Amino acid sequence: MPQKRSSGRITPTRGASVPIDTFTEKAILGMLFDAANEGASTVKPLVEYLRTHSFGDFRHREVFRAMQTALAAGQTCDLVSVNSELTKSKQLDAVGSIGYLTELAGNSLPRINFEQHARSLAKLESLRLAFEASNDLQRAISSGDQSKGVATMREVQQRLASHVALADGTHADNSIVSADPDSD
């Protein structure tokens with residue numbers, strides 16, 4: 001298991017070998033809260049850089065999902081709207097209440113760095129997805145069914161190519177969504 005840095009920036013995930021960059025996740029959410037102060041037209045293009053599963057921390061996925069829901073409902077993704085969405089979905093306590101949302105809103109970095117931070121999250125997401133794909137392949141091989149192993153290997157190869165493209169930011173069509181069964 002990867003070790004936790006003393007600054008708290010990188011946190012290991014139990015049972016997985018890909019860490020979660022909580023510092024970057026908090027900074028991204030803080031930037032989105034900050035952009036919400038300027039209105040939905042400012043925040044929507046930023047939200048489109050990411051997917052819910054770009055966030056490794058469950059709390060951050062739920063906050064981002066609430067932001068997406070608020071935007072889809074024609075609201076902005078400010079503290080009040082996100083708090084309301086999390087309350088409706090009964091996830092507010094799971095993410096740490098309004099206190100945690102306020103903490104996230106205070107973690108904003110200059111938005112000029114948004115794309116760089118979003119790309120970092122995409123790279124970690126691609127690593128997590130590649131790790132899952134390798135586990136799928138390992139299960140198929142250990143099943144003893146050669147045709148299933150070959151089919152899974154081809155599927156994993158396609159998924160890995162999509163993950164690499166996602167991490168490099170070279171796929172505008174976000175083709176990883178169709179390759180990921182848990183896609184948003």
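This is a predicted model: local features need pLDDT of at least 70, side-chain atom pairs count only at pLDDT 80 or more; totals for chains, interfaces and linings use all residues.
## A walk through the helices

Let's start with the buried residues of helix α1, where buried means under 20% relative accessible area with a 1.4 Å probe, protein chains only, exposed is over 50%, and partly exposed lies in between. They are T22, T24, E25, A27, I28, L29, G30, M31, L32, F33, A35 and A36. Residues are numbered from 1 along each chain as its sequence is written, and side-chain values use heavy atoms, leaving out hydrogens and water.

Helices here are DSSP runs of H or I with at least four residues, numbered from the N terminus. Helix α1 covers residues 22-36 and reaches 21 Å from its first C-alpha to its last, close to the 21 Å expected (1.5 Å times one less than the number of residues).

Now for the core. The largest nonpolar core has 29 residues; such a core is a set of buried Ala, Val, Leu, Ile, Met, Phe, Trp, Tyr and Cys residues joined through side-chain atoms within 4.5 Å. Helix α1 gives the most to this core, with 8 residues. L32, V63 and V82 have the most contacts inside it. Beyond residues up to four places away in sequence, L32 touches V43, L46, V47, F64, M67, C77 and F114, with contact meaning heavy atoms within 4.5 Å.

Finally, find S81 in helix α4, residues 79-88. S81 counts as buried because its relative accessibility is 10%.

Definitions and conventions. Helices (H or I, at least four residues) and strands (E, at least two) are DSSP runs, numbered from the N terminus.
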